[in-house]
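Colleague: Before we look at any details, could you take me through how you read strands, helices and a ligand site in a model of this kind?

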Amino acid sequence: MPSSNDCDPLPAEALPVGIKVLIAGGFGVGKTTFVNTLSEIEPLSTEEMLTAVSAATDRLDGVEDKATTTVALDFGRITLGPAHVLYLFGTPGQERFWFMWDELSEGALGAVVLADTRRLEHSFAAVDFFERRGIPFVVAVNEFDGAHRYHAEEVRTALDLRQEVPVALCDARVQSSGIRVLLELIQHLITTRSSHGSDTAPPLLRA
Amino acid sequence: MSPVLPDGPLINEAVGRLVRPYTVSDGRTRATSHFTLVTVVRATGVQTQGAFGLEHAQVLALCESPVSVAEVAARMQVPAAVVKVLLSDLAEGGAVVAGDAPPPSPGHYARPDRDLLEAVRDALLKRL
Ligand SMILES: Nc1nc2c(ncn2[C@@H]2O[C@H](COP(=O)(O)OP(=O)(O)O)[C@@H](O)[C@H]2O)c(=O)[nH]1
Ligand SMILES: [Mg+2]
């Protein structure tokens, strides 16, 4: 360890901004695969500790009784340059954890909802979640071998997506495919910004 | 140090010991709130006066070059909340600095500025 006070503290401004994108969808839809394919680091998992309002908690006087649980989040990293680092977090698939998605989605730039055409209904809840919270998302149809190939428009209808939500076809095992999905998301963010006229709004008035 | 059970309560002994400071005081909980999973941190090389333990030393060793809170937590195999506490101790003494986060907006989607989005898009395009 460097030994001293003669070493100036490094300025925080020199550090990159971490950007969070969520990779959601039902169990087995390819979230972990998607994250791992794109990540420049070996697959990592972090335990986020969550404090739930538990039905079993009837004491109001102390933290000890709060139901605390942890969920494991797979994540990966894509260094975009000296100023930005993108982190992809695979959301836990189990619906019983969804009470804490508020915490997970806080500060997220947006989300990718992966869908498997053999069980599209597994992604309903994720779509619903992001819609309700106004978190921008794209739907990426993960094309599994042997699954019926659908047109993006058929998926849009089945998931009852609003017209502006992009639907992309992808293969979570292929890096360029995952990058294209992320590009769809970013372009969607840029487009919706412009159409809402917020480019002209002063910074303090931004939602 | 063994990892916590993904689905279970925090019953692991080692983690219990680490977690305690987080739950002890409201003030400490608040002090850590500016660290998110994607906050990038780095050790400054400044030596601090505090009587820090093994866990603090581990954090410092892991952030010799810029790294996110999530990565530090993953490598230490402790919950991110624990790492946030350790980092805030270290940041207080100047041993660690933290980078900016995109505009925070608790519970709401924070609309990022266009420059950020375009920078991200252009960097992704280069990876195709
Ligand atoms: N054919 C095909 N298989 C995939 C694709 N993505 C994931 N898989 C496989 O589907 C299974 C579940 O994927 P996983 O990433 O663990 O899903 P998760 O539960 O959403 O994290 C694994 O066996 C993957 O290898 C894909 O795009 N195409
Ligand atoms: Mg998974």
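Modeller: Let us begin with a strand pairing: A43(B) stands opposite V96(B) in strand 3 of chain B, where strands are DSSP runs of E of at least two residues, helices are runs of H or I of at least four, and both are numbered from the N terminus. This is a predicted model, in which local features need pLDDT of at least 70 and side-chain atom pairs count only at pLDDT 80 or more, while totals for chains, interfaces and linings use all residues. Residues are numbered from 1 along each chain as written, chains are lettered from A and ligands numbered from 1 in the order written, and side-chain values use heavy atoms, without hydrogens and water.

Colleague: Which strands pair with strand 1 of chain B, and in what sense?

Modeller: Two strands count as paired if DSSP finds at least two bridges between them. Strand 1 (residues 40–43) of chain B is joined by two bridges to strand 2 (residues 67–68), antiparallel, with V40(B) opposite S68(B), and it pairs with strand 3 (residues 96–98), again in the antiparallel sense, over three bridges.

Colleague: Which way do the residues of strand 1 of chain B point?

Modeller: In a regular strand the side chains alternate between the two faces of the sheet. Here V40(B) and R42(B) point one way and V41(B) and A43(B) the other, and all are buried, that is, under 20% relative accessible area, whereas exposed means over 50% and partly exposed lies in between (1.4 Å probe, protein chains only).

Colleague: Where in helix 1 of chain A are the buried residues?

Modeller: An α-helix has 3.6 residues a turn, so residues three or four places apart point the same way. In helix 1 of chain A, K31(A), F34(A), V35(A) and L38(A) are buried. Seen down the helix axis, these buried residues fall within an arc of 95 degrees, so they line one face of the helix; the arc is that of the directions from the axis to the C-beta atoms.

Colleague: Which residues are closest to ligand 1?

Modeller: A residue counts as near if one of its heavy atoms lies within 4 Å. Ligand 1 is surrounded by 15 residues, the closest being G28(A), K31(A), T32(A), T33(A) and N142(A), and helix 1 (residues 31–38) of chain A gives the largest share of this shell, three residues. A polar side-chain atom of N142(A) lies 2.4 Å from an oxygen atom of ligand 1, and a backbone N or O atom of K31(A) lies 2.8 Å from an oxygen atom of the ligand.

Definitions and conventions:
Polar contact = N/O pair within 3.5 Å; in protein donor to acceptor, adjacent residues only side chain to side chain.
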